[in-house]
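Here is a short briefing on aromatic rings and pockets. Please take a first look at the sequence and the 3D view, then read on.

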Amino acid sequence: MDIATRVYNHKWKIDPIVRSLIDTDFYKLLMCQSVYRNRRDTNVRFSLINRSKHIPLAKLIDEGELREQLDHIRSLSLSRGESTWLRGNTFYGKRQMFRPDFMEWFEGLRLPPYELERKGDQYELTFEGKWPEVMLWEIPALAVLMELRSRAVINSMGRFELQVLYARAMTRVWEKIEQLREIDGLSIADFGTRRRHGFLWQDWCVQAMQEGLGDKFTGTSNCLIAMRREVEAIGTNAHELPMVYSALAEDDAALAQAPYDVLSDWHEEHEGNLRIILPDTYGTKGFLDRAPDWLAGWTGIRIDSGDPAGGAETAIRWWQERGEDPQDKRVIFSDGLDVAKIKELHAQFSDRTKVSFGWGTLLTNDFRGLVPDDALAPFSLVCKAVSANGRPTVKLSDNPEKAMGPADEIQRYKRVFGVGEQDSQAVIV
């Protein structure tokens with residue numbers, strides 16, 4: 001595929017950024033099924049948040065073009081082939097991962113309306129409605145904003161300039177892959193959908209990983225690419241679940257219990273590798289200290305904020321204290337990874353536990369230094385649940401720079417979950 005020519009042709013014809021409702025992350029569909037079963041009538045509001053304020057999205061991206069892309073997403077529904085793949089494929093060794101009642105609902109779904117308003121140099125983009133419906137806006141909304149920003153930057157580039165740009169970017173990815181394939185026992189997946197440079201580029205990166213890493217490449221979080229390239233769809237759950245469950249808690253005692261209620265519901269849904277704990281929403285150490293014993297029997301832990309080595313050490317100690325063998329468990333690193341950090345963490349922990357990596361933005365959007373003013377460098381854009389049934393949501397994280405929510409509620413959550421002083425770390429992406 002000649003990516004440069006395809007990108008160049010974006011200027012002359014409509015080429016939708018999001019081509020399918022399954023151009024999304026696998027964990028999103030897994031969570032959606034759990035929400036559909038347990039909390040389908042909850043009203044949730046999502047909001048787009050640009051953490052990188054120096055990127056003036058409203059100056060770069062034409063509002064009419066943004067609306068055109070969002071309206072196109074609202075017209076999408078599952079194709080027959082996509083439905084067949086979800087209904088009949090084997091995921092994590094299990095057939096019919098998605099139940100018939102959920103699939104019937106999903107096959108009839110059109111995404112609900114959005115609200116878009118320009119505020120200075122940024123866009124305020126929000127989605128509100130029943131939780132199972134609005135939650136599926138998150139990934140496509142991020143993909144649209146990220147790719148429209150990419151298109152805005154490259155719009156003035158000619159065909160040969162684009163060919164050189166993508167040749168350099170391809171070389172960079174391949175050189176990273178060459179370093180990674182030297183790692184014995186590596187297990188790595190593509191987690192780069194939400195902040196990718198573009199769909200075509202993510203698809204190319206996945207194919208490069210397939211060829212360059214072989215069995216060390218375990219799959220992609222992107223369902224559409226997984227289906228087309230016949231690789232594993234990878235994913236479990238995210239911070240959204242405890243954030244919403246916690247917002248619905250009636251008092252401090254229910255709030256303290258809410259993150260475990262999430263995993264209790266999840267436990268009833270899934271078996272095997274899907275039993276991965278994401279403990280950092282309200283502080284990893286406190287979460288593990290108060291965790292019920294049955295959680296220690298789960299498959300592993302995903303570390304998504306704070307010092308990754310410190311998080312892994314905390315998890316290993318916790319398993320040992322609970323009578324579990326860390327070498328039987330899996331630690332998945334997924335925060336701001338690139339080759340040097342992957343190599344460092346693998347060397348540090350691969351003989352103590354099963355180590356995996358979810359490689360995101362610096363796989364699918366590393367165009368740093370390739371254009372003037374570093375105008376294609378990745379930036380931190382998120383789309384989060386900000387309220388549930390009218391109550392604000394809160395995320396603390398193991399990195400206070402990622403904390404979200406009203407200041408008074410953040411203080412309340414810190415008190416309830418016993419979160420003390422935290423070390424700030426730069427948010428890479």
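For sorting residues by class, Ala, Val, Leu, Ile, Met, Phe, Trp, Tyr, Cys and Pro count as nonpolar, Asp, Glu, Lys and Arg as charged, and the others, Gly among them, as polar. The model is predicted, so local features need pLDDT of at least 70 and side-chain atom pairs count only at pLDDT 80 or more, while totals for chains, interfaces and linings use all residues. Residues are numbered from 1 along each chain as its sequence is written, and side-chain values use heavy atoms, leaving out hydrogens and water.

**The largest pocket**

- A pocket is found on a 1 Å grid over the protein atoms alone: it is an open set of points where a 1.4 Å probe fits, with protein on both sides within 12 Å along at least five of seven lines, and lining residues have an atom within 4 Å of a point.
- The largest pocket holds about 920 Å³ of space, where a volume is the space filled by probe spheres set on grid points joined across faces, edges and corners.
- It is lined by 48 residues, and Phe191, Arg302, Asp304, Ser334 and Gly358 are the closest to its centre.
- By class, this lining has 18 nonpolar, 15 polar and 15 charged residues.

**The second largest pocket**

- Its volume is about 440 Å³.
- Of its 20 lining residues, Thr284, Lys285, Thr314, Asp398 and Gln422 are the closest to the centre.
- This lining has 3 nonpolar, 12 polar and 5 charged residues.

**Aromatic pairs**

- Rings of Phe, Tyr and Trp (its six-membered ring) pair if their centres lie within 6.5 Å; planes under 30 degrees apart count as stacked, over 60 as edge-to-face and the rest as tilted.
- The count by this rule is 26 aromatic pairs.
- One of them joins tyrosine 166 and phenylalanine 367 edge-to-face, with 5.8 Å between centres and 80° between planes.
- Tyrosine 166 is buried at 3% relative accessibility, and phenylalanine 367 is buried at 0%; buried means under 20% relative accessible area, exposed over 50%, partly exposed in between (1.4 Å probe, protein chains only).
- Phenylalanine 367 also pairs with tryptophan 201: the centres are 5.2 Å apart and the planes at 65°, so this pair is edge-to-face.
- Tryptophan 201 is buried too, at 2% relative accessibility.

**Charges over rings**

- A charge sits over a ring if NZ of Lys or CZ of Arg is within 6 Å of the ring centre and within 35 degrees of the ring normal.
- The charged end of arginine 39 sits over the ring of tyrosine 245, 3.9 Å from its centre.
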